[in-house]
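Subject: Structure handover

Hello,

Here is the structure I promised to pass on. Please open it alongside this note, which goes through what was found.

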Amino acid sequence: MFAYKAFKPGLICLGHQFVMGKNTTTQANCRKNGYHCAENPLDCLTYYPNMEQSEYYLVDAGGDLNEDGIDSKISCTELTILTKLSREEFFLHALAYMVDHPRRKWHPKVQNSYGKACQGYAIVRGKNPLACGSLGDVLAFAREDLMEHKIIQVALVCVDGQNVLPGKWYDADLKQKEV
């Protein structure tokens, strides 16, 4: 099962040194042991919120699996680390998760209709989502069809100071808007 895992730099989590490829342990209990990862990439931000001091990876969770129902966290006995995700790739995966699961409870990091970037990013979902940020921030948009309860458009952009200006509001078509 594909999932997501955050680490301190160098593949370190709670003092354990992971390796690229397959890592194994003997037990998987979400509240006690096993290797933890999450189905929703945004849940990684609950445990590793500082993107400047963390690394985010696409992983394959296998072996014995256990969930505790608190969020999308999974404990497993086999964790295969597949690839490191850039910030942009991480948020594209988060948008894809929302598209695949539009009726699931929104992650607390997702803002409704409009939002300013905080900690280097803004994730905004709604009928006409708007976002703004500072230079270098990532803006992620999920436009919804509220009648159908599905996401009909996603967009992602980095505030680069040329095409997307700091402090200006943008919509999912990446057009500047007044708020």
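Phenylalanine 91 touches Leu42, Leu45, Met51, Tyr121, Ile123, Val138, Ala140 and Leu156, leaving aside residues up to four places away in sequence. Contact here means heavy atoms within 4.5 Å. Phe91 and Phe90 have the most contacts inside the largest nonpolar core, which has 36 residues. Such a core is a set of buried Ala, Val, Leu, Ile, Met, Phe, Trp, Tyr and Cys residues joined through side-chain atoms within 4.5 Å. Buried means under 20% relative accessible area, exposed means over 50%, and partly exposed lies in between (1.4 Å probe, protein chains only). At least two residues of this core come from each of strand E1 (2–7), E5, helix H1 (44–47), E6, E7, H2, strand E9 (121–132) and strand E10 (138–145). Helices (H or I, at least four residues) and strands (E, at least two) are DSSP runs, numbered from the N terminus. A second, separate core has eleven residues, among them Ala131, Leu139, Phe141 and Val159.

A word on the source. This is a predicted model, in which local features need pLDDT of at least 70 and side-chain atom pairs count only at pLDDT 80 or more, while totals for chains, interfaces and linings use all residues. Residues are numbered from 1 along each chain as its sequence is written, and side-chain values use heavy atoms, with hydrogens and water left out.

Now the chain as a whole. It has two helices and 13 strands. The C-alpha trace spans about 55 × 35 × 20 Å along its principal axes. Buried residues make up 44% of the 179 residues. Of the contacts between residues at least 6 apart in sequence, 57% join residues at least 24 apart. The accessible surface comes to about 9,500 Å², and 49% of it belongs to carbon and sulfur atoms. These areas come from the Shrake-Rupley method with a 1.4 Å probe; for residues, only the protein chains shown count as cover.

Next, the strands around E7 (residues 73–85). E7 pairs with E4 in the antiparallel sense over four bridges. Two strands pair if DSSP finds at least two bridges between them. Strand E5 (residues 35–38) is also antiparallel to E7, again with four bridges. There, tyrosine 35 stands opposite cysteine 76. Strand E6 (residues 55–67) runs antiparallel to E7 too, joined by ten bridges. Tyrosine 56 stands opposite leucine 85 in E7. The hairpin of E6 and E7 has five residues between the strands, and in it glycine 69 takes a positive phi near 80°.

Asparagine 23 is worth a look. It lies in strand E4 (residues 21–24), and its bridge partner in E7 is leucine 79. Is asparagine 23 buried or exposed? Its relative accessibility is 6%, so asparagine 23 counts as buried. Its side chain reaches the backbone oxygen of glycine 21 at 3.1 Å. Asparagine 23 touches Phe18, Tyr35, Thr77, Glu78, Leu79 and Ile81, not counting residues up to four places away in sequence.

Valine 164 is in the loop between strand E11 (150–158) and strand E12 (169–171). This valine 164 is buried because its relative accessibility is 4%. Beyond residues up to four places away in sequence, valine 164 touches Leu139, Val157, Cys158, Val159 and Tyr170.

Glutamate 88 belongs to helix H2 (residues 87–100). It is partly exposed, at 31% relative accessible area. Glutamate 88 touches Val138, Leu156 and Cys158, again not counting residues up to four places away in sequence. Its C-alpha is 9.2 Å from that of leucine 139, a residue 51 places away in sequence.

Finally, two backbone angles. Leucine 14 has a positive phi of about 50° although it is not a glycine. It lies in the loop between strand E2 (12–13) and strand E3 (16–17), and leucine 14 is exposed at 80% relative accessible area. Serine 113, also not a glycine, has a positive phi near 75°. Serine 113 lies in strand E8 (residues 110–116) and is partly exposed at 30%.

Best wishes

Definitions and conventions: Polar contact = N/O pair within 3.5 Å; in protein donor to acceptor, adjacent residues only side chain to side chain.
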